[in-house]
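Me: I would like to learn how to read the features of a model like this one. Could we take them in turn, with the general idea before the case?

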Amino acid sequence: MRRWVTLLAVVLAGSVLPMSAAEAGTASAGVAEAAPPPSPVTRLRQQFGEHTGLRISDVGRVYRGGKAVVTIWRKGRVEFDEAGVYGTDTVGRTELGRGVVKELEWQLGQRLGSTRVICFPNEAYLSGPGYETWLPEGKTWLGLIGPANIKQTAALPQIVNIFEPATLGTLLSHTAVRKKLRSGTFLQGAVTLRTLYKVSPSLRDRLAGPPKGRSARIPVGFRLWLDRSNLVRRLSTTWRQPLSGGPGKYTTTVVDTRYTGWGSSVTLVPPPPEDTADAGRVGADFPEPTVLPIG
């Protein structure tokens with residue numbers, strides 16, 4: 001602003017005239033500081049809308065005795081509606097132990113491939129290794145109907161669902177370390193399973209019941225990265241689950257999730273009906289959805 005005032009004075013008067021204190025205050029007030037971005041919870045809510053979403057990718061590992069016994073890779077897309085998550089379309093792969101799946105592939109002489117899961121509020125569709133047992137010839141998708149059947153399918157392996165405003169707000173309120181970065185903000189802290197269970201509907205769906213005793217006090221450590229606009233771009237969580245058999249025995253689960261492409265156009269659709277078999281009609285031995293072994 002001063003530059004333009006000075007230039008105008010030079011053009012009109014041929015010299016620079018000193019400004020009064022009132023004029024200086026008016027000029028500096030015109031250069032307003034940039035307003036801080038809305039809170040992360042507000043920014044999350046601003047993303048909710050039909051046919052908008054983002055991409056996710058994560059890696060989860062379960063360690064026992066310092067060695068990874070389970071590794072889960074997942075990537076895909078999330079579609080929002082006005083209330084939050086409407087649907088997900090993810091591709092995942094699980095490795096049991098170190099090289100177990102590769103060894104099995106070698107014995108079978110073929111790759112087992114990845115599992116794809118498409119979820120909506122009241123239906124889910126699964127395709128890939130492990131589901132062929134229930135599929136009649138000519139069908140490549142297994143369809144599940146009813147929320148009781150699909151509660152577990154979209155959330156694994158990340159235990160903390162940052163798409164829930166109350167859950168994200170809980171992480172923010174339990175932050176112990178906060179650092180400003182050139183790319184945004186870094187936060188670190190911990191929250192107990194009992195607290196997460198109270199605020200997170202998706203976690204309540206995944207557990208067989210409320211965590212009790214020492215399980216309720218298990219801390220879930222988190223590291224959270226926000227971009228400059230306060231949208232979540234990365235979440236890493238770590239938690240230990242005690243094992244039976246004496247003190248000092250436990251598994252450690254570490255999950256790292258990346259969130260990219262916020263606000264992108266996403267419209268998910270179910271697979272063609274002619275390629276889908278109804279799980280309720282292909283046999284009575286279809287297993288119940290698994291739940292996290294906590295409690």
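Reply: Start with how a helix packs. The buried residues of H3 pack against E1, E2, H6, E9 and E11. Keep in mind throughout that this is a predicted model.

Me: Which residues of H3 are buried?

Reply: They are Pro40, Val41, Arg43, Leu44 and Gln47. Seen down the axis of H3, these buried residues fall within an arc of 160°, so they line one face of the helix. The general idea is that an α-helix has 3.6 residues a turn, so residues three or four places apart point the same way.

Me: Which strands does helix H3 lie across?

Reply: Helix H3, residues 40-47, lies across strand E1 (52-64), E2, strand E9 (219-227) and strand E11 (250-265). Its direction is at about 55° to E11. Helix H6, residues 165-173, lies across E7, strand E8 (184-192), E9 and strand E10 (232-242). H6 runs at about 90° to E7.

Me: What is the strand order in the sheet?

Reply: In general, strands of a sheet pair through backbone hydrogen bonds, either parallel or antiparallel. Here the sheet is open and has 12 strands, in the order E7-E8-E9-E10-E11-E1-E2-E3-E4-E5-E6-E12, with mixed pairing. Strand E7 (175-181) and strand E12 (276-278) are the edge strands, each pairing on one side only. From one strand to the next, the twist averages 15°.

Me: How many bridges join E2 to E3?

Reply: There are 11 bridges between strand E2 (residues 67-80) and strand E3 (residues 85-96), and the two strands run antiparallel.

Me: Next, aromatic rings. How many aromatic pairs does the structure hold?

Reply: It holds seven. To read a pair, take the distance between ring centres and the angle between ring planes; planes over 60 degrees apart count as edge-to-face. The rings of phenylalanine 80 and phenylalanine 163 have centres 5.7 Å apart and planes at 75°, so this pair is edge-to-face. The pair links distant parts of the chain, 83 residues apart: phenylalanine 80 is in strand E2, and phenylalanine 163 is in the loop between helix H5 (147-150) and H6.

Me: Are phenylalanine 80 and phenylalanine 163 buried or exposed?

Reply: Buried means under 20% relative accessible area. Phenylalanine 80, at 1% relative accessibility, counts as buried, and phenylalanine 163 counts as buried at 12%.

Me: What about the pair of tyrosine 86 and phenylalanine 120?

Reply: Their ring centres are 5.6 Å apart and their planes are at 55°, so the pair is tilted. Tyrosine 86 lies in strand E3 and phenylalanine 120 in strand E4 (residues 115-120), so the pair ties together parts that are 34 residues apart in sequence. Tyrosine 86 counts as partly exposed, at 32% relative accessibility, whereas phenylalanine 120 counts as buried, at 6%.

Me: Which residue lies over the face of tryptophan 225?

Reply: Arginine 234 does, at 4.3 Å from the ring centre.

Me: Last, serine 173. Where is it found?

Reply: Serine 173 is in helix H6. The residue is exposed, with a relative accessible area of 56%. Serine 173 and glycine 189 are 16 residues apart in sequence, and their C-alpha atoms are 9.1 Å apart in space.

Terms used:
Residues numbered from 1 in each chain as written. Predicted model: local features only at pLDDT ≥ 70, side-chain atom pairs only at ≥ 80, totals over all residues. Heavy atoms only, no water. Pairing = 2+ DSSP bridges. Helix = DSSP H or I, 4+ residues; strand = E, 2+ residues; numbered from the N terminus. Axes fitted to C-alpha atoms, helices over the stretch in contact; angles between N-to-C directions. Contact = heavy atoms within 4.5 Å. Phe/Tyr/Trp six-rings, centres within 6.5 Å; stacked < 30°, edge-to-face > 60°. Buried < 20%, exposed > 50% of the residue type's maximum accessible area, 1.4 Å probe, protein only. Lys NZ or Arg CZ within 6 Å of the ring centre and 35° of its normal. Arc of directions from axis to C-beta.
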